[in-house]
Amino acid sequence: MSVCRYCGQEIGWAYSADGKPVPVDTEPVFVIEGGGTDSFYTYEEGENAVIRGRAARPEEESRDLPVAYASHWKTCRSSRRGGRG
Ligand SMILES: [Zn+2]
C-alpha cells in the first residue's frame, strides 16, 4: 500500500498513456466518457487505460458506465503538492 506523501491518504498507482506513474484514489468511480476533460485511470491486470470525461453524479450512476480511478491530484486535500497535475 502507498500513501500520499502530502496528505497521508491511501493511494493506488496507475499509468498514464505515456507510461508515467500516476497516483490514483483507491475508490473507483463511474465515469461519463466525453463529459469533461478529467482523466480517469484503470489498471486491470496487464493493461492500463485512460478515460477522458468526468465523474458521474450519484443520480447518473449506472452499471453501463465504465468504472475507473480518479487521479489523486484532483482530490488531494493538501495544498503542499505544488504545481503538479
Ligand atoms: Zn494527497
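**Zinc site, strands and side-chain pairs**

Colleague: What relative accessible area does Cys7 have, and which class does that give?

Modeller: The classes are buried for under 20% relative accessible area, exposed for over 50%, and partly exposed in between, with a 1.4 Å probe and protein chains only. This is a predicted model, in which local features need pLDDT of at least 70 and side-chain atom pairs count only at pLDDT 80 or more, while totals for chains, interfaces and linings use all residues. Residues are numbered from 1 along each chain as its sequence is written, and side-chain values use heavy atoms, with hydrogens and water left out. Cys7 has a relative accessible area of 22%, so the class is partly exposed.

Colleague: Which protein residues are the donors of the zinc ion?

Modeller: Donors are N, O and S atoms within 2.8 Å of the metal (3.2 Å for Na, K and Ca); water is not among the atoms, so sites may look incomplete. The protein donor atoms lie 2.1 to 2.4 Å from the zinc ion, and the donor residues follow the spacing C-x2-C-x64-H-x3-C in sequence. They are Cys4 (SG), Cys7 (SG), His72 (NE2) and Cys76 (SG).

Colleague: What is the arrangement of the four donor atoms around the zinc ion?

Modeller: Four donors count as tetrahedral if all angles lie between 85 and 135 degrees; four count as square planar and six as octahedral if opposite donors are over 155 degrees apart and all others between 65 and 115; anything else is irregular. Here the donor atoms subtend angles of 102 to 117 degrees, and therefore the arrangement is tetrahedral.

Colleague: How many residues apart are Cys7 and Cys76?

Modeller: Helices (H or I, at least four residues) and strands (E, at least two) are DSSP runs, numbered from the N terminus. Both cysteines are donors of the zinc ion. Cys76 is buried, at a relative accessible area of 12%. Cys7 sits in the loop between strand 1 (2–3) and strand 2 (10–15) and Cys76 in the segment after helix 1 (72–75), so that the pair links distant parts of the chain, 69 residues apart.

Colleague: With which side chain does the side chain of Ser39 make a polar contact?

Modeller: A polar contact is a pair of N or O atoms within 3.5 Å; within protein, one must be able to donate a hydrogen and the other to accept it, and residues adjacent in sequence count only if both atoms are side-chain atoms. Ser39 is found in strand 4 (residues 29–44) and is buried at 14% relative accessible area. Contact means heavy atoms within 4.5 Å, and Ser39 is in contact with Val50, Ile51, Arg52, Ala70 and Ser71 when neighbours within four places in sequence are left aside. The polar contact of its side chain, at 3.3 Å, is with Arg52.

Colleague: Which parts of the chain does the pair Lys74 and Asp38 tie together?

Modeller: A salt bridge is a side-chain nitrogen of Lys or Arg within 4 Å of a carboxyl oxygen of Asp or Glu. The closest N and O atoms of Lys74 and Asp38 are 3.2 Å apart, forming such a bridge. The pair ties together parts that are 36 residues apart in sequence, because Lys74 lies in helix 1 and Asp38 in strand 4.

Colleague: How many salt bridges does the count come to?

Modeller: Asp18 and Lys20 meet in one, at 3.4 Å from N to O, with Asp18 exposed at 55% and Lys20 exposed at 51%. Glu59 and Arg57 also meet at 3.4 Å; Glu59 is exposed at 62%, whereas Arg57 is partly exposed at 43%. A network of salt bridges links Arg54, Arg57, Glu59 and Glu60. The count comes to five.

Colleague: What phi does Gly19 have in the turn of the hairpin?

Modeller: Strand 2 and strand 3 form this hairpin with five residues between them, and Ile11 stands opposite Asp25 in strand 3. Strand 3 is mostly covered, as four of its five residues are buried. Gly19 in the turn has a positive phi of about 85 degrees.

Notes
Two strands pair if DSSP finds at least two bridges between them.
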